[in-house]
Amino acid sequence: MMKRKYLKKLLPCMLLVDLGCTSCQLMSHYHTPAVDWEGLYRDESMADTTTLARIPWQAYFTDPYLHEMIAEGITNNYDMRIAYARIKEAEANLSMARGAYFPNVALVGQVTHTRTSNGENGKDILGYYANEYSLA
């Protein structure tokens, strides 16, 4: 008898938790398939040699005045600042768009209180008092 009493309370709670956990999953995670890169390029080896792109600019240019000018140009590059601000804006938009996948919770309530009066002592001419409260 005691077991059924707890089972009646536990079963709806378990169903609610199960429903809440499964509703947040959108789809299964995607895994990229393995690709065999060997043999895709004819007469090319995959081992890359040292190129100019792999040498840091500080090692390539030896003039200290030029180092100073390049460093100043990098720090004051307005195009880079604009691009960085656009990246931050896109990240904020992405986080707001991801918020649509979360469940919505809303709380709405309304209370109405009505008290009728018989009009004694001239308190109420119309015959009733009405108060309304809303919470949204």
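From the N terminus on, the protein chain runs α-α-α-α-β-β, and the model is predicted.

**Exercise 1.** Describe the make-up of the protein chain and how much of the chain is buried.

*Solution.* Step 1: count the elements, which gives 4 helices and 2 strands. Step 2: take the cut-off for buried, under 20% relative accessible area. Step 3: of the 136 residues, 1% are buried. Step 5: among contacts with a separation of 6 or more, 20% join residues 24 or more positions apart.

**Exercise 2.** Find which residues make the nonpolar surface patch of about 680 Å², and which helix gives the most to the patch.

*Solution.* Step 1: list the members, namely L52, I55, Y60, F61, Y65, L66 and M69. Step 2: assign them to elements; helix α3, residues 64-75, gives the most, with 3 residues.

**Exercise 3.** Classify Y60 and F61 by accessibility, then describe the geometry of their rings.

*Solution.* Step 2: Y60 has 47% relative accessibility, so Y60 is partly exposed. Step 3: F61, at 32%, is therefore partly exposed as well. Step 4: a pair of aromatic rings is described by the distance of the centres and the angle of the planes. Step 5: the count of aromatic pairs is 1. Step 6: the ring centres of Y60 and F61 are 5.1 Å apart and the planes meet at 85°, so the pair is edge-to-face; the cut-off for that class is over 60 degrees.

Definitions and conventions: Residues numbered from 1 in each chain as written. Predicted model: local features only at pLDDT ≥ 70, side-chain atom pairs only at ≥ 80, totals over all residues. Heavy atoms only, no water. Patch = residues over 30% accessible without salt bridge, like charges linked within 9 Å, V, L, I, M, F, W, Y side chains within 5 Å. Areas by Shrake-Rupley, 256 points an atom, 1.4 Å probe, with all protein chains shown as cover. Salt bridge = Lys/Arg side-chain N within 4 Å of Asp/Glu carboxyl O. Phe/Tyr/Trp six-rings, centres within 6.5 Å; stacked < 30°, edge-to-face > 60°. Buried < 20%, exposed > 50% of the residue type's maximum accessible area, 1.4 Å probe, protein only. Contact = heavy atoms within 4.5 Å.
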